[in-house]
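Please read this briefing beside the sequence and the 3D view.

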Amino acid sequence: MISTGYLSSLLIELGIFFIFALGTNIIVGLAGQVTIAQAAFFGLGGFLAGIFSTQLHINFFVSLALIFIIIFVLGGLLGMPSLRLSRDYLAIFTLGLGIFLQDLFSHLSIFGGTYGIVNIPFPQIFPLNPLFGYLIIVWIIAILLTMLFILIDKSWIGLSLRSVRENEMAAKSLGINFVKIKIFAFAIGSAYAGIAGALFVHFIGIAIYSSFGVDLSVMALAMVIVGGLGTIIGSIVGAILFIFLPEILRFISDYRILIYGLLIILFMRFDPFGLFGEKSKLYIKLKELFR
């Protein structure tokens, strides 16, 4: 029988990685840009959360707001050099960016060097049951960020993102400023990753550079490609698959990166929009069913 504590922990992880997948889906699913740097922003959010809580003693909710703003700005600035790169070169650029930032985390003393930042406090939202209280907070934040995703998706910004994704030159001819749109996609997607990272380190109590490697970026990419590009349901399905399946299939946990890569290859070849992507057959049938 599964204990309530274990189930609460899994649901907290699910909420955190759902936020992570949503941010990746803005960049990859809505804007059509390839990024392998999401782990770096996830890690940056984690390290900032560690600094704010252990060194500056900033309130948990205030620190989350600051992390969102800081990483939104940094994500936009770091995304600027990639504006004129094609998708293949963009993947290489973001891979290099992710590796560079991870290496930076391990060498700067402000991030704790190779030892990281330890003793990050677990938020005591509900003192009688802190774990359940944190579960509620994580999912409230996940719902708020889902609402923001919907606002972006249904606005002129979402339309512009899709136009750039489908045909950048045609979007430009229609007067869409693809430079600003791409920068916005990287900025907001990175901010989502930062919030997920902050929630993650408060949950596990430590921020260390080795937790934020390329394998985490590959996982983020796999979640949205398998779950579905450009949709909320695709993000949640991807998060469920990549949080619960490893628990069920622990005997092959050493091969998870190999499995992630294989899933990306298979879905890109046979179903590039994923299980519940906005153009996938399954998603279209579901929309017709609930009309």
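The side chains of E278 and R165 meet in a salt bridge, with N and O 2.4 Å apart; a salt bridge here is a side-chain nitrogen of Lys or Arg within 4 Å of a carboxyl oxygen of Asp or Glu. The pair links distant parts of the chain, since E278 is in the loop between α11 and α12 and R165 is in helix α6, 113 residues apart. This is a predicted model, in which local features need pLDDT of at least 70, side-chain atom pairs count only at pLDDT 80 or more, and totals for chains, interfaces and linings use all residues. Residues are numbered from 1 along each chain as its sequence is written, and side-chain values use heavy atoms, with hydrogens and water left out.

**Salt bridges**

- The structure holds four salt bridges.
- Side chains of opposite charge can pair when their charged atoms come close.
- R162 also forms a salt bridge with E278, and the closest N and O atoms are 2.7 Å apart.
- Because R162 lies in helix α6 (residues 156–166) and E278 in the loop between α11 and α12 (281–289), this pair ties together parts that are 116 residues apart in sequence.
- Helices are DSSP runs of H or I with at least four residues, strands are runs of E with at least two, and both are numbered from the N terminus.
- R165 forms a salt bridge with E166 as well, with 2.9 Å between the closest N and O atoms.
- Which of these residues are buried (under 20% relative accessible area), exposed (over 50%) or partly exposed (in between), using a 1.4 Å probe and protein chains only?
- R162 is buried at 18%, R165 is buried at 12%, and E278 counts as buried at 16%.
- E166, at 47% relative accessibility, counts as partly exposed.
- Both partners of the pair E278 and R165 are therefore buried.
- Salt bridges that share partners join D153, R162, R165, E166 and E278 into one network.

**Helix α5**

- Helix α5 covers residues 130–154, and its 25 residues should span 36 Å at 1.5 Å a residue; the end C-alpha atoms are 36 Å apart, which agrees.
- The expected span is 1.5 Å times one less than the number of residues.
- The buried residues of α5 are G133, Y134, L135, I137, V138, I141, A142, L145, T146, F149, I152 and D153.

**Aromatic pairs**

- Rings of Phe, Tyr and Trp (its six-membered ring) pair if their centres lie within 6.5 Å; planes under 30 degrees apart count as stacked, over 60 as edge-to-face and the rest as tilted.
- By this rule the count comes to 16 aromatic pairs.
- The rings of F17 and F20 have centres 6.1 Å apart and planes at 70°, so this pair is edge-to-face.
- F17 and F20 are three residues apart in helix α1, which means that about one helical turn separates them.
- Both F17 and F20 are buried.
- The rings of F20 and F42 have centres 4.8 Å apart and planes at 50°, so this pair is tilted.
- F20 in helix α1 and F42 in helix α2 (residues 38–54) are 22 residues apart, and their pair links distant parts of the chain.
- F42 is buried, with a relative accessible area of 0%.
- One aromatic cluster is formed by F17, F20, F42, F47, F105, F111, F200 and F212.

**Pocket and cavities**

- On a 1 Å grid over the protein atoms alone, a cavity is a set of points where a 1.4 Å probe fits but cannot get out, and a pocket is an open set with protein on both sides within 12 Å along at least five of seven lines; lining residues have an atom within 4 Å of a point.
- Grid points are joined across faces, edges and corners, and a volume is the space filled by probe spheres set on the points.
- The largest pocket holds about 380 Å³ of space.
- Its lining has 16 residues, and F17, L216, M219, R256 and Y260 lie nearest the centre.
- α10 gives the largest share of this lining, four residues.
- Two cavities of 30 Å³ or more are found in the whole structure.
- The largest cavity has a volume of about 60 Å³, and T35, F41, T94, L97 and F186 lie nearest its centre among 14 lining residues.
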